[in-house]
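Hi,

Here is the structure I promised to pass on.

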Amino acid sequence: MADTESDLLRSSLDLLVLKALSWGPMHGYTISEWIESATESLLLLEEGTLYPALHRLERRGWVTAEWGVSDNNRKAKFYKLSTAGRARFRSQAPVWHKHANAIAAALQRTSADFA
Amino acid sequence: MSLAPGWRRAFRLPFTRPRTIEREVDEELAFHLAMREEKLRRQGMTPDAARSAAVSRFGDATAVRDECITIDRQHAREARTMEWIESVWSDFRYAFRTLRRMPVFTLVATLTLALGIGATSAMFTLVDGILLRPLPYPGADRIVRLIQSYPEKGLDTWGITQENIAMYRDRATDFEAFSGYQPGNASLIRDGRAERLAVARVTADFFRVIGVSPAHGRAFTRDEDRKGNNDVVVLSDQLWQSRFGGRADLIGSTIDLDGRPTRVVGVMPRGFGFPRTETRAWLPLGLDPSRRFGWTNSGLARLEPGVTVEHARRQTTAIMWDWARRNADLLGVGSIQPERTHMATIVTPLQEAITGRAVRPLLVLSVAVGLILLIAIANVATLLSSRAAVRQREIGLRAALGATGARVARQLLTESVALALLGAAAGIGLAFGAVRLFTRSGLVALPRLNEVHVDGRVLAVTLAVSVTSGMLFGLLPALHGLRARLSADLSAGTRESAHRSVRRLSNALVVVQLSLSVVLLIAAGLMLESVRRLTMVDLGFRPEGVTSISLSLPSQYGSPTTVDPLFATVLEQVRGTPGVKSAALAWGLPFEGQANFDGYVIEGRPTPPSGNEGQTYQVAVSPGYFATLGVPLLYGRDITAADDTTGVRVALVDESIAKRFWRGTDALGKRIRVTGDTTWATIIGVVGAIHDDDATRLPAPHMYSSLAQLGANQVSLAVRAPGAAGGTMRAVRSAIARIEPAIPLDGDRTLTSVVGDSFATKRLMEILLASFAAIAVLLAGVGIYGVMSLSVANRRREFGVRLAIGADPRALVRLVLREGAVVAVVGVSLGVVGAFVATRWMASLLYDVSPTDPLMFTALSITLGAIAVGSCYLPARRAAKSDPLEALRAD
């Protein structure tokens, strides 16, 4: 857990993947489309980085993967949130909010005092 | 975006092979690129532009691919491991459930294995603690013991003098440090009461050699190790704690040792005990390099790093030869060429010097224990394979449900390993008890016993032994399970043939058990016979009813004028004690190992060259010694009170000397002296020869001198008091305490026990081997009984039919017995061959019995054969009682 928390970008990507999958099973491409539209293309600069994240989540047991057939009738690998993944999302989302708020508040401070 | 309605599962367990992993990653990434490209094209890009835009938006595809593959491989590996652990765990759970369903079988098998595994771990604990572990001194592998040897003079092992100690110390460059030591006793006197302590007298370099310094205070210096300036002592922790309450101010203060004020300079660390565990103090030897006599010390040295023992042996032998050339007079010859003799030093690694005598007994016992373990394994294998026959249906069912042969075999193996672990758990308990009994009971005389204990190493070995055993005895039934799977058709006919193959396997296992039992039985028999013959050896004296107390006189008794009256009073008082038949004083009671051993010369006979004269024990005795010990006086007279320093020097010799030079009474009046003495002694009597030190060897020559003429202040009092000696000895002790309370009286020992101690190791071997043999025979008997019972049960139908068509029941008994007899004969014959090879190896432990003693071999193999056939009798009777109707009903 420490490694994901230490890497802000990676942990936020993981969290976004879990969020995307909370809508239902998706393959990688759909996930990347969703993240791009949800973050206004700010986070996923290189689409390829999504895949190691997906495989890592799979290894952790937070998502499961199965091969299926896509809309346009192609073979595609679909990811699905596992029970453990759902729990992980529920526990990590508030943490992320807290961190983000704390950092935002800190950046808005206008004085050097610390009372 | 929603899912296609028809998406389906393509694989149940992904990534089982590296190939699959790579292909799937490639497909997944390709899909993404294709989708992106398609979308861009739909947005109006040309195909070429769409493709390159998709690729550039994706980033470093190779790096992504590699990373995904790495993650997936790790994932697959973890999944496989988890799956394996889970399946093993479920196998174990299943195995324990199965075992719980057959409690009697499980109990019998567990007990059998507990015996085998427990005995093995106990034995390993001993071997490990005594032989394998280094001694508890830093760099212990570089510490050696040095003694000398001069076989031409009958001195196979020869101590070193103080002159020798200084010589090796100063001249041998192979040693980092060299010291001399001599175990002995000292009297600690506190509040007027004396207590005997086991001490060691050592030279100052001892502490450097052994590599252990006092925990408190300091060691003594070379300056404190000079004759006349050596009244200092280093105490053991045990003595310091138990007698002086561990007081720090004791160091620097003075205690009374042997009547001399002695300053305590240090206390050794807890547990330090050299040369013996019970050594309580280390005193300076008081090294006097001019002292040429007294070959009573041993050398202890630390080798320079990298120097071999052999090199040190050659170097010190050269030094010894040089010394011999200059000291021919001391060796009783005019001149000597040592290189023409076998004169040499004996340099032995300390560990070997301490444990050398324990090696052979421990190895023989280890082999015996190994055989017990094998028998136990064979026994449980027999039990399991008979279970396997019963369980064929279950196995067949599992096979029919799709379990592979390997899977069934693994399950069966797991079951036997589970069984072995149960056995190991019980066996460890057994081993704990056995090791405790060994190390605490005081019955066993083995070196380093205080260092022996059950620990993690032992537990690890036990675990390894039990898992291996489980594999071993599980293997045969497991292979059987494989075969059973192939005959999934479980009709009666195939079961018959399966029964037959199980029987063949069981018979083979019984043969193994029987043959190993024969080996153990014969080994035990030979040992038993050795000890029996040893106890029947005529020692030349009668130790029964004789008790000895050692008396070391305080230092004020330094001259005959004080010693003689004391001895006279002691003898008078002791002889007057009710219950005492006779009493005498002596220096050098048999089996006490204190007598002087020296060459002797007869007056008027030519002196043999180069120390080839005969060797004799020289014992100093008071009047009444021979009557007290029960040594027959053959000719002449006993020593009397008149044979003191004022009279002519007298001696008695034993038959072995007398017969060598004279006939009958001719010895009387002749004169004899030991080479270390210049005064001739007139022979006044001839007594019977006695065994000394070792009943297994021929009686050694003895020469007896008058105690009053020779003088000694360390003697033993021998008291013959038939019947209940306890009360008498208490009275004797209080009588001595009244005469001189400063004489320490720690304990008295019966001469019988002293003699018995000399073959304690043989006795221990006898007891252990006999127990092992009993266990082996019991296991083998149970084994053959079980196999025959099973065989009879399986052939109930055949027997029933035979009876129905008029067979004689007695013929059926004979049939079964004959089958058992064949197995017994094969097993016993193999065992006899095995014993023939194995027992030669223990020849050095036997006494007066050939390791291939024909009587022992015949008698014991017939006995075991009879036991084996006898074990078949009950099953045979059962065969004869088979009910024809029941047989027809079956199936």
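Predicted model: local features only at pLDDT ≥ 70, side-chain atom pairs only at ≥ 80, totals over all residues.

Residues are numbered from 1 along each chain as its sequence is written, while chains are lettered from A and ligands numbered from 1 in the order in which they are written.

Chain A has 5 helices and 3 strands (DSSP runs numbered from the N terminus: H or I of at least four residues for helices, E of at least two for strands). Read from the N terminus, the order is α-α-β-α-α-β-β-α.

The 3 strands form an open sheet, ordered β1-β3-β2 in chain A, with antiparallel pairing (strands pair if DSSP finds at least two bridges between them). β1 (26-27) and β2 of chain A are the edge strands with a single partner each, so one side of each has no neighbour in the sheet. Between β1(A) and β3(A) there are 2 bridges, and A:Met26 sits opposite A:Tyr79 in β3(A).

Now the partner chain: 26 residues of chain A are in contact with 29 residues of chain B (contact means C-beta atoms, placed from the backbone, within 7 Å). On the chain A side, α3 (28-38), α4 (50-60), β2 (63-69) and β3 (75-81) each supply at least two residues. The largest share, 6 residues, comes from α4(A).

Cheers

Conventions: Contact = placed C-beta atoms within 7 Å.
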